Amino acid sequence: MSGPVQGVRKSIDAVPYTFTFEPARTALLVIDMQNDFCAPGGFGERLGNDIAPARAIIPHIDALLGKFRMLRLPVVHTREGHLPDLSDCPPNKLERSRKGGAGIGSEGPMGRLLIRGERGHAIIPELAPLPGEWVIDKPGKGAFWRTDLDALLRSLDIQSLIVTGVTTHVCVHTTIREANDRGFDCLLVEDAAAAYDLRDHEAAVRMTVQQGGIFGFAASTNNVLHGLA
Ligand code: C5J
């Protein structure tokens, strides 16, 4: 199958209003679907969270991945984590992780927590990146901070981002805010993003779309798949 046709615009039934986009200039962003946030014994669970909501979105992200792969549209995965010597981990983040019971760099069942190269840092096998997809390693919550994501998206001539992953109110929302400030049109896929607490998820979705879509748009997986059809 050939790639997307330049100049063709499509639309997705979204909140606060219809999201229009050019598929040829659209990327799927899968934020931090790593063992550390989605698997038992990872960083997220060690902080006292129930990982069930993070696992519940896996089939929805998988469906979106299938569609983007079929249409040959770009897929970008991100991973939050730090260098083994912690030189890229701010002291305040390190201290709070320790006080929260999940010290970054401490030993867990999947290796050192939130450290690059450990099993906990890897993307969950169900959503493993395929050759040709991009993986952005980030030390912060936002995917643009200290990464090449901005340069990558501009080199691909991307204008619109379909955003999924965990956690909605932390890394997903920070990334949407950063992207919005850079001029990218963001659509948050409500049922392909999760927070450990539903209230945080709902608040993040509300914040995204309030005031006429101050940070972006929101829609269901089905609506995105339908809009891409
Ligand atoms: C967190 C993330 N919650 N990926 N990271 O620390 O949202």
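This is a predicted model: local features need pLDDT of at least 70, side-chain atom pairs count only at pLDDT 80 or more; totals for chains, interfaces and linings use all residues.

Reader: Are cysteine 38 and cysteine 171 buried or exposed?

Author: Buried means under 20% relative accessible area. Cysteine 38 has 0% and therefore counts as buried. Cysteine 171 has 2%, so the label is buried for that residue too.

Reader: Why is α7 called roughly parallel to α8?

Author: The axes of α7 (residues 168-181) and α8 (residues 198-213) cross at roughly 15° and come within 9 Å. Angles under 35 degrees count as roughly parallel, so α7 is roughly parallel to α8. The crossing is right-handed.

Reader: Which residues make the contact of α7 with α8?

Author: From α7 come Thr168, His169, His173, Ile176 and Arg177; from α8 come Asp200, His201, Ala204, Val205, Met207 and Thr208. By class, four are nonpolar, five polar and two charged.

Reader: What makes histidine 173 buried?

Author: Histidine 173, in helix α7, has a relative accessible area of 4%. The limit is 20%, so histidine 173 is buried. Leaving aside neighbours within four places in sequence, histidine 173 is in contact with residues including Ala204, Met207 and Phe215.

Reader: Why does arginine 206 count as exposed?

Author: Arginine 206 lies in helix α8. Exposed means over 50%, and arginine 206 is at 54%, so the label applies.

Reader: Where are the cis peptide bonds at proline 16 and threonine 167?

Author: One joins valine 15 and proline 16, with omega about 5°; proline 16 is in the loop between β1 (10-12) and β2 (19-21). Another joins valine 166 and threonine 167, with omega about -15°, and threonine 167 is in the loop between β8 (160-166) and α7. Most peptide bonds are trans.

Reader: What is the phi of leucine 86, and what is that of leucine 114?

Author: Leucine 86 has phi near 65°, a positive value in a residue other than glycine. For leucine 114 phi is near 55°, again positive. Most residues other than glycine have a negative phi. Leucine 86 counts as buried because its relative accessibility is 16%, under the 20% limit. Leucine 114 is buried at 0%.

Notes: Residues are numbered from 1 along each chain as its sequence is written. Side-chain values use heavy atoms; hydrogens and water are left out. Axes are lines fitted to C-alpha atoms, for helices over the stretch in contact, and angles run from 0 to 180 degrees between N-to-C directions. Helices (H or I, at least four residues) and strands (E, at least two) are DSSP runs, numbered from the N terminus. Angles under 35 degrees count as roughly parallel, over 145 as roughly antiparallel, 65 to 115 as roughly perpendicular and the rest as oblique. A crossing is left-handed if the near helix is turned anticlockwise from the far one by less than a right angle, and right-handed if clockwise. Contact means heavy atoms within 4.5 Å. Ala, Val, Leu, Ile, Met, Phe, Trp, Tyr, Cys and Pro count as nonpolar, Asp, Glu, Lys and Arg as charged, and the others, Gly among them, as polar. Buried means under 20% relative accessible area, exposed over 50%, partly exposed in between (1.4 Å probe, protein chains only).
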